[in-house]
Amino acid sequence: MQTETANAEFTPRQSAVLAEALRLLVEGGDKALTTAGLARAANCSKESLYKWFGDRDGLLSAMISYQASKVRTVERPGERLSSASLKEHLDVFSHDLLDVLAGDVSLALNRLAIGQSSRDGSKLGTLLLERGRRQIDRRARALLDAGQRDGLLRFSDGEEAYRTLYGLIVSDLHVRMLLGEAPNTKNFAARAEKAVHAFLTLYGTEKALAGS
């Protein structure tokens, strides 16, 4: 079973340009991300960049959305979940989330947003929430709602259930990485599996637990 991604909103060429834009940001910071510089690095015209992404805010928004799309979740309306497929989707989501949060790109984006923050807020921070975190949240919530629909999960508050799942997966790891701690990526698979097991223990029905 292959788990869907949200990358369909970008063509392969656009995805390659966004990947190059993220590389420039990680290696050179905010000042390295210029339209001219990206056009040279990605071997495309500035006109194409404006056509695809609009202004700089549009480019940043697309970059964040592209990055968030690397966290995969179920996106097949009407799919009937089994205990095994639900667990597989949750395992993939959990491992992807850890991989993305621990990556140089996400850490650079978050550190840049924190550095730009002020009493009036950060535009990049707002984009990270709207096009990054909330995009991931919506897709993960859809998975949990599908699990409840198919009799595998039981909860009265879907938002609370999702926050529990997110907390079990991430805990304080992201904060520690933002502060400079090197992530131990070798432990991510075990960490993801442990988080999913704990979540299913809390919210799984007998039907889900019987197949786990």
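A: The account below begins with the salt bridges and then turns to the aromatic rings and the cavity.

The model is predicted. It holds 15 salt bridges. Six residues, Arg133, Asp137, Arg141, Asp145, Glu159 and Arg163, are linked in a network of such bridges.

One of the pairs is formed by Asp137 and Arg163, whose closest N and O atoms are 3.7 Å apart. Asp137 belongs to helix H7 and Arg163 to helix H8, so this bridge ties together parts of the chain that are 26 residues apart in sequence. The two partners also carry separate accessibility labels: Asp137 has a relative accessible area of 8% and is therefore buried, the cut-off being under 20%. Arg163, at 38% relative accessibility, counts as partly exposed.

A further salt bridge joins the side chains of Arg141 and Asp145, with 3.7 Å from N to O. Both residues lie in helix H7, and because they are 4 residues apart there, about one helical turn separates them. Arg141 is partly exposed at 22% relative accessibility, and Asp145 is likewise partly exposed, with a relative accessible area of 34%.

Arg133, a member of the network, also has a contact with an aromatic ring: its charged end sits over the ring of Tyr166, 3.8 Å from the ring centre.

Another salt bridge is that of Arg80 with Asp150, in which the closest N and O atoms are 2.9 Å apart. This pair links distant parts of the chain, 70 residues apart: Arg80 is in the loop between H4 and helix H5 (83-102), while Asp150 is in the loop between helix H7 (123-149) and helix H8 (158-170). Arg80 counts as exposed because its relative accessibility of 60% is over the 50% cut-off. Asp150, by contrast, is buried, with a relative accessible area of 4%.

Turning to the rings, the count of aromatic pairs comes to 5. Among them is the pair of Phe10 and Tyr66, which is edge-to-face, with 6.4 Å from centre to centre and 70 degrees between the planes. Phe10 lies in the segment before helix H1 (12-28) and Tyr66 in helix H4 (residues 56-68), so the pair ties together parts that are 56 residues apart in sequence. Phe10 and Tyr66 are both buried. Elsewhere, ring pairs link Phe155, Phe199 and Tyr203 into a cluster.

The structure holds 1 cavity of 30 Å³ or more, and about 60 Å³ of space lies in the largest cavity. Its lining consists of Thr35, Leu38, Leu49, Tyr50, Phe53, Gly54, Asp55, Arg56 and Leu59. Helix H2 (35-42), helix H3 (46-53) and H4 are the elements that give two or more residues to this lining. The most is given by H3, with 3 residues. By residue class, the lining of the largest cavity divides into 5 nonpolar, 2 polar and 2 charged residues.

Methods
Residues numbered from 1 in each chain as written. Predicted model: local features only at pLDDT ≥ 70, side-chain atom pairs only at ≥ 80, totals over all residues. Heavy atoms only, no water. Phe/Tyr/Trp six-rings, centres within 6.5 Å; stacked < 30°, edge-to-face > 60°. Buried < 20%, exposed > 50% of the residue type's maximum accessible area, 1.4 Å probe, protein only. Lys NZ or Arg CZ within 6 Å of the ring centre and 35° of its normal. Salt bridge = Lys/Arg side-chain N within 4 Å of Asp/Glu carboxyl O. 1 Å grid on protein atoms, 1.4 Å probe; cavity = no way out; pocket = protein on both sides within 12 Å on 5 of 7 lines; lining within 4 Å. Points joined across faces, edges and corners; volume = space filled by probe spheres on them. Nonpolar A, V, L, I, M, F, W, Y, C, P; charged D, E, K, R; others polar.
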